[in-house]
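Colleague: Please show me the model, then take my questions one at a time.

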Amino acid sequence: MARGVPAWASSFVRTLAAALAGAACSTSGPPRPTLQRRFERVRSLPGSKAMAVAGDVHGRLASGIGYGCLSTGLAIDEAIEECNVWRRSWKVSSPCRLYAVED
């Protein structure tokens, strides 16, 4: 499996960026993605899956999902790797930690 950015990631990043940029403003744009929404997405995915998250006191959040993998270990590795990519991009100070595995 390639280690590229999943297809859903660009829309998630745009939504997250809009939510963070306009946090003090009232907009009629898409709702801010929440950890609960991401977790619900993970639960609906096929195969072995895992989710990792990182958040800090400034309200920045990063997450990563690994799914469709041949093993749970590979899903965990993929989730943490993707979370670290977003953590560095969003300058989240805390490390990525495993949040959910399988169901």
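Colleague: Is Pro-95 buried, partly exposed or exposed?
Modeller: In this predicted model, Pro-95 sits in the loop between H3 and strand S3 (97-101). Its relative accessibility is 42%. Buried would need under 20% and exposed over 50%, so Pro-95 counts as partly exposed.

Colleague: Which residues does Pro-95 touch, not counting those up to four places away in sequence?
Modeller: A contact requires heavy atoms within 4.5 Å. With residues up to four places away in sequence left out, the partners of Pro-95 are Val-53, Ala-54 and Arg-87.

Colleague: What separates the C-alpha atoms of Pro-95 and Asn-84?
Modeller: Along the chain, Pro-95 and Asn-84 are 11 residues apart.

Colleague: Why do the buried residues of H2 lie on the same side of the helix?
Modeller: Helix H2 spans residues 35-44, and its buried residues are Arg-38, Phe-39 and Val-42. On the other side of H2, Arg-43 and Ser-44 are exposed.

Colleague: Which element of the chain has the lowest mean pLDDT?
Modeller: The chain averages a pLDDT of 76, and 68% of the residues score at least 70. Over residues 19-32 the pLDDT is below 50, and this stretch has nine contacts in the model beyond near neighbours in sequence. Among the elements, helix H3 (residues 72-90) has the highest mean, 94, while the lowest, 51, belongs to helix H1 (residues 9-21).

Notes:
Residues are numbered from 1 along each chain as its sequence is written. This is a predicted model: local features need pLDDT of at least 70, side-chain atom pairs count only at pLDDT 80 or more; totals for chains, interfaces and linings use all residues. Side-chain values use heavy atoms; hydrogens and water are left out. pLDDT is the predictor's confidence in each residue, from 0 to 100. Helices (H or I, at least four residues) and strands (E, at least two) are DSSP runs, numbered from the N terminus. Buried means under 20% relative accessible area, exposed over 50%, partly exposed in between (1.4 Å probe, protein chains only).
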